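Reader: I have a structure to go through with you. Let us take it point by point.

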Amino acid sequence: MTLRVPPRSGPTLLALLLVLYAGVECRRPEPYYGRIIGRLTQYAHGIRGTAYAVDENTVFIRGFAYDGTGPDAYFWIGDTPQPSPEGILVPYPEDYPSRDPPVLSAHSNSDILLRLPGGKRLRDIKWISVWCRRFTVNFGDVFVPPGLDPPRPRVLPEFKRLAHGLRSGNISVLDAKTFYIPNLHYDGAGPDAYFWVGNGSEPSPFGTKVPNEMGSLNPLRGYQGEDIEIQLPGKLTAYDIDWLAVWCVEYRHNFGHVYIPKDLDVPPALGQTKITPAWWYNPTSSTTSQTPYSSSNNCKEILDKRLQVRWEIQGDLIQITLAARLRKEQYMAFGISGAEGRAAMLNADVVVAYWDNRSNQPRVADYTITHLAQCDGERGVCPDARLSGSNDVVLVIPSFRTSKDGVTTITYRRPIAAKEPMKDKEVLTSRSQSVIAAFGPLNSRYEANAHSFMDTTRNDVQLDFGALNDNTCVGLAELEAGGPAPWPARIIAGVSNFTARIGPAGGRRGYTPITDNETIEGFLPYGHPSWGIAWYINDMLIPEIYVERGKTYTFLVEGGDDRTNPAKFHPFYISDSSEGGFGQKREEDQRKQRVFAGVAYDNEGYPYPTAVGRYCEWTHKTTDQSSTSETFEDYLQTLQLECNEGEPAVLEWTVAHETPDLLYYQCYTHNNLGWKIHVVDPGTQIHLPGQTGVCSNLAPLPLSIIAPILTAVIYAQFR
């Protein structure tokens with residue numbers, strides 16, 4: 001008997017496989033750059049690249065090349081049959097701070113994002129060109145296909161309302177990684193609630209946390225009708241998920257969700273969506289058990305393993321985590337070198353990170369280094385915001401410090417692109433680039449004040465920011481327990497003529513420990529921060545000067561007269577401020593100082609320095625030998641005096657009878673270069689340090705006799 005098998009009424013295995021295959025195919029393959037417009041046609045100057053429609057207002061050019069030699073070339077769009085002078089300039093970079101963007105520079109293999117100006121849409125134009133305005137020449141172009149339908153944001157329903165008052169307006173998928181949630185309400189009472197994404201027909205424990213609008217993975221706070229934007233983490237896109245929910249992890253409870261359709265067709269996440277999160281830090285939360293959110297495994301230790309750098313590309317941003325054992329009132333800095341192939345502080349673009357002990361919060365700031373000098377408000381090592389720029393870095397939660405190992409960890413994000421081309425540098429993702437790092441003290445403004453030669457990058461260090469698994473971290477080096485013994489303070493008394501020159505600060509034996517009245521041998525000093533140079537009075541490093549009321553003193557000042565070079569412009573003045581820097585202070589801060597010499601006012605009431613003379617500086621013959629020089633006299637032998645042409649400035653100061661007992665000689669343009677002036681009455685006895693019962697009475701002996709005696713005694717004491 002033959003057994004007959006009836007045909008199956010349900011779907012065949014082949015049909016099921018086809019359905020599954022079709023379901024997989026509906027996912028958007030990565031990388032996805034949008035609808036292809038076409039390849040740029042080259043007519044001159046090596047133009048190359050492929051253009052994509054990201055959305056109706058944005059074009060992405062992949063692998064753009066141009067030799068940069070055109071005298072007046074820009075991206076150019078128009079609706080004429082062929083590229084012509086009637087076109088419109090497309091700003092690149094988009095937010096260049098001046099009215100017109102710079103002339104297009106050279107590119108070898110760049111990814112370019114262009115936002116069409118003036119509300120123009122792709123349907124309004126026929127071509128994109130690299131156009132030279134001066135000679136009306138088309139270097140290369142691509143034509144927009146008729147009927148091109150660019151990807152566009154997708155509007156979804158609101159959150160399903162299940163618990164804790166969760167509700168919202170219609171949620172939009174702005175691009176493949178960005179969700180816009182308007183009018184969000186949630187009572188914040190969930191003990192362990194997060195934005196949560198995953199796959200399947202319903203939200204489940206098998207999902208992924210999504211950082212909130214502040215980039216934090218802390219449990220969600222309450223929302224009262226706020227409009228927020230959130231971004232999917234890592235490489236996750238909206239094409240990879242079936243739902244977005246507010247989910248309580250601890251109790252596995254769904255407070256509400258919205259489904260993600262399979263046919264999204266939203267713009268790729270290439271940085272065209274501008275997220276403006278309300279970055280903040282909550283000092284009341286626990287900061288010892290949190291770790292920075294990052295799916296990256298990129299890590300490198302630099303500065304002799306004293307600074308650990310972790311990084312991850314996140315769309316058009318890069319997230320960086322710095323970790324180091326910082327001393328009190330100390331910053332760590334990291335950024336792009338001012339020159340390729342070597343460590344260069346000049347023209348570098350760095351982020352300065354530190355812990356603000358006043359508010360117990362971490363801080364980050366975007367800095368530009370225009371001169372190798374302390375910031376004077378116009379030039380130097382300055383925060384961008386102080387130079388009329390913008391602070392393009394944002395703090396990321398969590399940043400923390402631990403008492404167990406003394407490590408401060410601060411996470412921040414900055415744009416990959418150079419948002420302000422005159423101040424910022426682009427982060428390269430296609431190859432390695434040179435970086436720099438430094439440690440140093442903070443000044444009274446909580447700004448980076450200086451770094452020593454040992455605390456900054458000396459050799460070329462390169463990082464590949466586009467890497468996915470570049471991890472060579474082993475562990476941070478231990479903090480150095482102490483330093484060499486500081487040199488004793490010098491004293492000048494009974495002298496009426498002084499020379500004031502510039503010289504090195506003497507490292508851990510010099511300026512900072514000398515200005516610390518509680519310095520103990522074997523412990524690191526916490527005196528006044530120095531940025532590497534200081535006043536040398538009569539060729540001594542910041543000696544304490546004694547003057548008498550009623551007498552006149554002459555200072556020959558050789559601190560520099562070139563106002564265009566702040567690193568060598570140090571007018572001398574006398575004040576009651578232990579910090580100095582009168583010229584860089586705001587008017588209200590200037591009023592807090594009393595100035596006794598070296599500053600005058602013009603007819604409009606503006607101050608200006610009067611002690612401006614040629615520049616003389618004690619410089620190192622080789623490298624800094626302060627750590628191995630037992631005495632300052634030994635150290636002076638390792639220096640050489642270099643003077644520019646010109647004459648010193650002459651500052652004459654008659655000490656009034658009502659002058660306070662303690663003043664300071666300082667630099668007009670920079671903080672912390674000088675030290676103390678003791679003002680005494682005629683006949684006052686001066687006790688020499690370290691010698692009980694030995695004193696000097698300044699009044700009875702003429703200066704011509706007492707000066708060499710005192711000088712001999714002081715030098716003999718410290719030898």
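Reader: Is C382 buried or exposed, and at what relative accessible area?

Author: This is a predicted model. Buried means under 20% relative accessible area. C382 falls under that cut-off, so the residue counts as buried, and its relative accessible area is 0%.

Reader: Which residue forms a disulfide with C382?

Author: A disulfide needs two cysteine sulfur atoms within 2.5 Å. The sulfur atom of C382 has such a partner at 2.1 Å.

Reader: What is the handedness of the disulfide of C375 and C382?

Author: Look at the torsion about the S-S bond. For C375 and C382 the torsion is about 105 degrees, so the disulfide is right-handed.

Reader: How many disulfides are there by this rule?

Author: Another joins C616 to C643, S to S 2.0 Å. The count comes to two.

Reader: How many residues apart in sequence are the parts that C616 and C643 tie together?

Author: C616 lies in strand β39, residues 616-620. C643 lies in strand β40, residues 639-643. The pair therefore ties together parts that are apart in sequence by 27 residues.

Reader: Is C643 buried, partly exposed or exposed?

Author: C643 has a relative accessible area of 34%. Buried needs under 20% and exposed over 50%. C643 is therefore partly exposed.

Reader: Why is the pair of Y52 and F60 tilted?

Author: A search of the whole structure finds 25 aromatic pairs. In the pair of Y52 and F60, the ring centres are 6.5 Å apart. Stacked needs planes under 30 degrees apart, and edge-to-face needs over 60. The pair is tilted because the planes of Y52 and F60 are at 40 degrees.

Reader: Which ring does the charged end of R358 sit over?

Author: For Arg, CZ must be within 6 Å of the ring centre. The charged end of R358 sits 3.6 Å from the centre of its ring. K209 is placed over the face of Y194, at 4.0 Å. For R358, the ring is that of Y446.

Reader: Which residue is the bridge partner of I574 in β36?

Author: Six strands form an open sheet, in the order β29-β33-β43-β42-β35-β36. Its edge strands are β29 and β36. Strand β35, residues 572-575, pairs with β36 in the antiparallel sense over two bridges. In β36, the partner of I574 is A597.

Key: Residues are numbered from 1 along each chain as its sequence is written. This is a predicted model: local features need pLDDT of at least 70, side-chain atom pairs count only at pLDDT 80 or more; totals for chains, interfaces and linings use all residues. Side-chain values use heavy atoms; hydrogens and water are left out. Two strands pair if DSSP finds at least two bridges between them. Helices (H or I, at least four residues) and strands (E, at least two) are DSSP runs, numbered from the N terminus. Rings of Phe, Tyr and Trp (its six-membered ring) pair if their centres lie within 6.5 Å; planes under 30 degrees apart count as stacked, over 60 as edge-to-face and the rest as tilted. A charge sits over a ring if NZ of Lys or CZ of Arg is within 6 Å of the ring centre and within 35 degrees of the ring normal. Buried means under 20% relative accessible area, exposed over 50%, partly exposed in between (1.4 Å probe, protein chains only).
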